[in-house]
Amino acid sequence: MKVLLSLLLVTCSLTFAQNSIEQDIIGIEGKLIEWRHYFHQNPELSNQEFKTAEKIAKHLKSLGLKVETNIAKTGVVGLLEGDNPGKVVALRADIDALPVTERNNLPFKSEVRTTFLNTETGVMHACGHDTHIAILMATAEVLSKHKDKIKGTIKFIFQPAEEGPPPGEEGGAKLMIKEGVLENPKVDAIFGLHINSETPVGIIKYKTEGIMAAVERFVVKVEGKQTHGSQPWSGVDPVLISAKIIDGFQTIISRESYLIEAPAVITVGKITAGTRFNIIPESAEMIGTVRTLDEDMRQLIIKRMNEMASDIANAYGGKATIEWQNNTIVTYNDPELTAQILPSLQKVAGEDHVQLTKATTGGEDFSYFQEIVPGVYFFLGGMTPGETEVFPHHTPDFKIDDSGLLLGVRAFSQITLDYLND
């Protein structure tokens with residue numbers, strides 16, 4: 001009888017706690033959307049998120065959290081200690097924007113302009129990091145009101161430069177780890193989410209093991225011989241060589257990569273060459289990315305690209321070299337931890353709305369946190385229900401429905417409490 005009474009009291013206490021937290025989540029929606037709109041209107045590029053960090057830190061301090069700033073240049077960390085000792089869980093949001101000029105009529109549209117890599121451009125939260133900031137700020141406020149229900153400690157990590165630091169600079173998750181963000185206190189598990197413009201509001205997508213790709217950035221430098229555009233035979237055309245190299249790279253994917261094992265992508269995103277229409281230039285430069293989900297394929301592709309660029313250039317009388325930069329490793333969801341938090345996600349979204357997904361060739365430097373501690377990364381729906389047109393990430397038309405954000409707060413809150421109180 002005493003055991004039954006104790007179980008009944010525990011059940012009633014948990015139900016009351018959940019109802020109380022849910023009321024706080026519902027009540028914060030107005031602030032959540034207001035924050036999202038502010039950050040969308042005031043985007044800042046990687047390692048330059050000064051005003052963004054200032055607003056985040058001010059909010060966390062107002063909640064009574066222990067706050068550290070200037071981590072990895074502009075990162076912010078808030079520490080919430082529960083009333084009872086226990087494990088340490090980290091929640092992460094990325095805070096940087098992209099050099100993209102926004103193209104829509106939203107009332108909170110970004111009008112910010114800058115010069116990026118010698119090119120004038122707009123600045124836009126074209127990947128949804130503004131929503132991530134707002135969701136984590138709201139989660140911090142909700143959970144800070146319920147310290148008595150927290151068994152352990154929560155680290156709220158606001159990370160700069162997820163899109164990659166400027167050339168010649170350090171930044172992002174790697175630098176945060178280097179500066180000790182997963183220590184003092186030592187993190188036991190970490191969770192992150194990403195809004196998705198192709199997934200309807202109310203849906204959460206997850207996957208065990210590899211969910212996002214390893215990302216390499218490459219720069220191909222092609223040397224030719226400058227000459228008059230009317231006399232190509234007297235020079236070596238680096239533009240032609242570049243075109244042949246690009247074509248060759250694609251055969252590595254279509255003819256040499258074992259694509260039934262895992263997908264892979266080679267993309268050249270920028271070509272720079274020449275000054276005038278009637279001059280064959282001295283050199284050309286191509287910048288691009290490689291995406292892989294299998295380490296053997298990654299090594300094969302890099303090896304073959306190095307060989308192919310050099311051999312093709314030599315065949316046409318020029319020279320080519322490739323410089324490599326590893327941006328991320330595979331974003332790997334710990335299978336045991338994924339299984340552990342799956343009921344939490346289903347609890348807040350409904351079983352039918354938590355869906356298994358396939359891996360994506362997008363990349364995430366959240367993967368570096370997962371290399372150190374077990375972690376899970378999942379996708380949150382941001383597409384307006386009934387919408388038929390997709391507004392892709394990293395484009396001027398990118399768009400997210402605000403009504404999807406509250407589920408992010410519910411998900412973060414639920415998995416955190418369930419993990420710490422398990």
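Which side chain meets R103 in a salt bridge? The partner is D397, at 2.7 Å from N to O. A salt bridge here is a side-chain nitrogen of Lys or Arg within 4 Å of a carboxyl oxygen of Asp or Glu. R103 sits in the loop between strand 3 (84-94) and strand 4 (113-116), and D397 in the loop between strand 18 and helix 10, so the pair ties together parts 294 residues apart in sequence.

This is a predicted model, in which local features need pLDDT of at least 70, side-chain atom pairs count only at pLDDT 80 or more, and totals for chains, interfaces and linings use all residues. Residues are numbered from 1 along each chain as its sequence is written, and side-chain values use heavy atoms, without hydrogens and water.

The whole structure holds 20 salt bridges. Three of them are tabulated here.

| Pair | N to O distance |
|---|---|
| R103 and D397 | 2.7 Å |
| D402 and R36 | 2.8 Å |
| R298 and E295 | 2.9 Å |

D402 and R36 meet in a salt bridge. They are 366 residues apart: D402 lies in the loop between strand 18 (375-383) and helix 10 (405-420), R36 in helix 2 (residues 29-41). Helices (H or I, at least four residues) and strands (E, at least two) are DSSP runs, numbered from the N terminus.

Buried means under 20% relative accessible area, exposed over 50%, and partly exposed in between (1.4 Å probe, protein chains only). D402 is buried at 16%, and R36 is buried at 2%. R103 is exposed at 52%, while D397 is partly exposed at 26%.
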